[in-house]
Amino acid sequence: MRSTFHGLEVAKRGMFTQQSALYVTGHNIANANTPGYSRQRVNFVQTEPYPPASMNRPQIPGQMGTGVEAGSIERVRESFLDIQYRGENNKLGYWEARAEALKKMEDIMNEPSDSGLSKTMDQFWQSLQDLSVNPENEGARSVVRQRGLAVVETFHYLYDSLSQIKNDLGHEIGVTITEINSLAQQISKINQQISEIEPHGYLPNDLYDERDRLIDELSKLVNVQVEKVPSGGNALKIAEGTYNIYLVDSNGNPILDSNNQKIYLVQGNHTNAFSLPNGIGGDIDGDGVKETPTSDIDNVQIGGVSISITSFPSGKLLGLIESFGYKDSLGNVKGIYPEMINNLDNLAYTFGTVFNAIHKEGYGLNSAAKAPAFFDESTLTVPGAAKNIKLSSAIDDLSNIAASTKQGVSGNGNNALNLASVGKILLSSGTVNLIDVSISLPTSLPLTSGTIQSNYQGWIGKLGVDGQQAERLKNNSEVLWQSVEERRQSVSSVSLDEEMINMIKFQHAYNAAARQITAIDEMLDKIINGMGIVGR
């Protein structure tokens with residue numbers, strides 16, 4: 001026989017469950033603007049019907065419902081969108097770092113402009129042509145020296161500026177590695193907390209959100225994937241467990257160590273720290289991990305396992321390393337800034353060496369001997385030519401500028417014309433025939449094709465193309481990232497309008513359950529106080 005108080009229990013369960021739903025709605029509303037928060041919901045579950053199937057069941061027409069209960073409180077999130085978001089976030093981090101590095105280089109090179117190296121050298125060539133017209137003019141000779149000094153100072157400025165940005169990139173690499181290691185440690189601590197809560201049958205939704213937020217940040221710095229590990233115990237089937245985080249390449253394949261094992265950044269509550277073998281001895285946060293590079297990077301270590309840069313996962317860190325400089329498998333130095341600095345060294349060395357070779361074939365003002373070198377030959381070394389190149393002290397005496405190709409003929413300006421053509425000399429030709437002069441180009445020149453001008457123009461053109469490509473791909477990645485983020489927010493973010501509707505819905509359900517209790521109370525009052533008094 002059914003219980004007289006059956007209806008009270010059903011209504012009580014209804015009140016408790018709707019009350020829980022109202023509390024969850026309030027939690028959603030309170031966290032509407034919390035970064036990384038995913039809206040939560042109560043999963044309503046029907047309680048076991050009465051009577052259960054058994055031999056001693058009461059003979060009633062059928063099973064009766066016993067009400068509702070809150071089966072679980074889970075967050076609303078789509079894991080597939082998380083994977084998409086992290087993939088686009090990783091690409092965005094890489095192209096942002098690369099585009100920023102190239103933009104800074106474009107600002108330094110400042111081409112085309114009236115103050116770049118190309119314009120400075122054009123003015124130098126023009127001053128030599130002017131000297132050829134008036135080879136005995138003191139003013140024209142002074143202008144040649146000053147224009148030559150301007151070329152030297154421009155080389156110094158470009159080298160120093162590029163080197164400074166390269167050093168800044170090194171410090172940014174150190175900060176990024178510190179951030180990666182910090183994020184990994186925070187994720188491992190959250191893993192520990194989750195593993196202690198889930199076995200009791202709870203869903204630590206707020207911890208899930210915080211962990212996913214940290215992984216989102218990590219995905220921008222380095223390409224990672226997540227594998228879930230059950231917590232065990234009485235954990236619910238929908239519990240997410242702890243996360244192991246491992247490195248993957250640009251194709252999403254795991255990066256493996258020498259034993260063909262995945263390289264993990266986080267395993268449960270354990271982390272493997274990033275470090276640089278050629279980093280500084282004591283790092284910026286005092287944990288003993290070498291994070292800031294002091295030279296071009298050979299490899300990066302994680303938990304003692306070395307990863308070559310050629311197989312390093314993409315992300316902001318890789319973009320910074322490719323900008324700062326690294327060594328490939330053959331030991332060759334690669335990277336945006338090292339390559340441009342090397343190009344400048346090659347250009348300064350080739351320019352100074354060829355110019356000196358022609359200058360020393362000419363004669364100064366009223367000089368019986370051939371002229372000295374125009375640029376100090378001790379400073380023309382590769383590497384370091386762009387940093388060290390300077391005018392020879394002999395050129396302090398303007399009469400030593402070799403404008404003439406004829407001994408004792410000071411009015412001859414042919415050698416000034418020869419010098420003015422240095423930028424257009426074809427470097428692949430072994431012998432160069434000029435006005436009254438024939439010279440053999442040194443075999444040690446680092447530039448062996450094209451001309452000095454065409455080589456420089458080619459580098460600047462490549463810089464412009466690379467900069468445009470990086471900016472375009474950064475913008476494309478940003479559009480895709482924004483699209484995925486909007487879809488993810490449409491699923492997981494809090495809609496105040498929706499929450500207000502839910503609040504009213506749960507409020508009315510709560511009120512209805514309370515009203516039901518009132519109705520049953522009146523029925524019970526009639527049974528208890530109104531029955532058995534007939535005829536009194």
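## A tour of the predicted model

Start with three strands: they form an open sheet in the order β7-β8-β9, with antiparallel pairing. Select β7 (274–275) and β9 (305–308): they stand at the edges with a single partner strand each, so one side of each has no neighbour in the sheet. Strands here are DSSP runs of E with at least two residues, helices are runs of H or I with at least four, and both are numbered from the N terminus. Two strands pair if DSSP finds at least two bridges between them.

Now select β8 (residues 299–302). Its antiparallel pairing with β9 runs over four bridges. Look at N299: S308 in β9 stands opposite.

A word on the model before you move on. This is a predicted model, where local features need pLDDT of at least 70, side-chain atom pairs count only at pLDDT 80 or more, and totals for chains, interfaces and linings use all residues. Residues are numbered from 1 along each chain as its sequence is written, and side-chain values use heavy atoms, leaving out hydrogens and water.

**Helix α5**

Select residues 205–221. This is helix α5, with 17 residues, and it reaches 25 Å from its first C-alpha to its last, close to the 24 Å expected at 1.5 Å a residue. The expected span is 1.5 Å times one less than the number of residues.

Is α5 enclosed or open? It is largely enclosed by the rest of the structure, because 12 of its 17 residues are buried. Buried means under 20% relative accessible area, exposed means over 50%, and partly exposed lies in between (1.4 Å probe, protein chains only). Among the buried residues are Y208, D212 and L221.

Next, select T176 in helix α4 (residues 138–197). T176 counts as buried, at 1% relative accessibility. Leaving out residues up to four places away in sequence, T176 touches L221, K316, L317 and L320. Touching means heavy atoms within 4.5 Å.

**Salt bridges**

Side chains of opposite charge can pair when their charged atoms come close. A salt bridge here is a side-chain nitrogen of Lys or Arg within 4 Å of a carboxyl oxygen of Asp or Glu. The count by this rule is 32.

Select D212 and R77. Their side chains meet in a salt bridge (3.4 Å, N to O). This pair links distant parts of the chain: D212 is in helix α5, R77 is in the loop between β2 (68–75) and α2 (79–109), and they are 135 residues apart. D212 counts as buried, at 1% relative accessibility.

Go to E227 and K262. Their closest N and O atoms are 3.2 Å apart, in a salt bridge. E227 lies in strand β3 (residues 224–229), and K262 in the loop between β4 (242–247) and β5 (264–267), 35 residues apart. E227 is partly exposed at 21%, and K262 is partly exposed at 29%.

Now select R488 and E485. They form a salt bridge, with the closest N and O atoms 3.4 Å apart. Both are buried. Salt bridges that share partners join these two into one network with others, including R77, D209 and D212.

**Last stop: the surface**

Select I527, I528 and M531. They form a nonpolar patch on the surface, with about 320 Å² of accessible area together. M531 is in the segment after α11 (496–530). M531 is exposed, at a relative accessible area of 54%. Patch residues have over 30% relative accessible area and no salt bridge; nonpolar side chains (Val, Leu, Ile, Met, Phe, Trp, Tyr) are joined within 5 Å, like charges within 9 Å. Areas come from the Shrake-Rupley method with a 1.4 Å probe; for residues, only the protein chains shown count as cover.
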